[in-house]
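Morning, everyone. Please look at the model on the screen, and I will walk you through its aromatic rings and its core.

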Amino acid sequence: MLNRHLLRIKVMQSIFAFELGKKADYNLALLFIENFFKPDLNSMEVQDAKKLNEHKEIAISEFTKKFHDQTNGGNSDPKISQVVEDALSLYKRHLAKDRDYFSSYVVLSTKNAISLYYLAINLLIEWAEIAKDKAIGKNFSANPIIVAFQNLEIKLAENQYSISRTVISSWFRELLKPDLEFQKYNDLETPDLAQHQAIIKYIVRKIIFGTTNVNAYFEELDIQWAEDKAIVRNFVEKTIKSYDPILCKVELQQLSLDWEEDLSFMGKLFMEATQLDDGLHQLISKNTENWEVERLAMSDKVILQMSIAEFINFAGIPIKVTINEYIELAKKYSTLNSRQFINGMLDSIAKELEKLGKIKKSGRGLIDNK
């Protein structure tokens, strides 16, 4: 089951991509200005390249000033002003489009983790079938946990991914069949449940999610595999552990106990973190001694935005929980010194937000400070 920590990771991934997209959108707006003032080689009129270049530089200067502080960049002719307004409008349209896309991508990427979880279990089932067909790996093909996996076939059929039998067979032949641990297991006369579980865990960790062609295949399916692999592997291992020897069943892991609530959490966190007002961005800048916000590591910037959004907009989450969660994210996904940096920043920002009356926590174990 996904917990809030994992949901925050998925939101952080999407916001990180969105922030990179903002830079691309900004560069597209600049390119729009540059292209507008390029000499028209098809025109019958004489083109003054020097004058066009001067107008381009003025337009870029005005665009940059208006983009950062919403002030007029000085007096200029109507043509330049219109180009600047058109460039700003282009940027805003692309930004809105990107925000909608990455807001939806949070959900898609979360669901994708479940599809990859199903794929890993199906792969184990397929390998057991191959072992049975080739009359090798007798213990593996009769492994009670694999048999329990096979009983999940109807649910697993919902998976969006599939691998050709040829590829699965080649992996079995190249990776599983010659593996010494796999051979030792199949040489056992009557393996017990612990041994049945141990071999599947071994195959999951070393062959499916180890440094192999199988793991490379999963990586091709998921651009965020570096982070998602731990999630998927955890799902598979929990399924193995759930085996009931009396009922001969395993429990397929759920995406969420309350998917609608988790959807709401992810969507709200993404939108609030990507739409902080100027005052909150200035709060980050104010608490960053001798370090401009633009120069922060992108991961640190995203973590600060998410933290502030959570402080203000999630009344049921204690301040300390938010701080601890984002310190952990900084420790795992940011720079070497980010943990201490984020800890100090969030502590200061939380205190200032409380003084301003922007943090209102209420609910079980929380003080309502309205």
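The structure holds 17 aromatic pairs. Rings of Phe, Tyr and Trp (its six-membered ring) pair if their centres lie within 6.5 Å; planes under 30 degrees apart count as stacked, over 60 as edge-to-face and the rest as tilted.

A word on the source. This is a predicted model, where local features need pLDDT of at least 70 and side-chain atom pairs pLDDT 80 or more, while totals for chains, interfaces and linings use all residues. Residues are numbered from 1 along each chain as its sequence is written, and side-chain values use heavy atoms, without hydrogens and water.

Now the pairs. Y117 and Y118 have ring centres 5.5 Å apart and planes at 40°, so this pair is tilted. Next, F172 and F182. Their centres lie 6.2 Å apart with planes at 90°, so the pair is edge-to-face. F172 is buried, at 2% relative accessible area. F182 is buried too, at 4%. Buried means under 20% relative accessible area, exposed over 50%, partly exposed in between (1.4 Å probe, protein chains only).

Ring pairs also link Y26, F63, F67 and Y91 into a cluster.

On to the core. How many residues does the largest nonpolar core have? It has 109, and W127, F140, F149 and I203 make the most contacts inside it. Such a core is a set of buried Ala, Val, Leu, Ile, Met, Phe, Trp, Tyr and Cys residues joined through side-chain atoms within 4.5 Å.

Take F140. Beyond four places in sequence, F140 touches residues including W127, F182 and I203; contact means heavy atoms within 4.5 Å.
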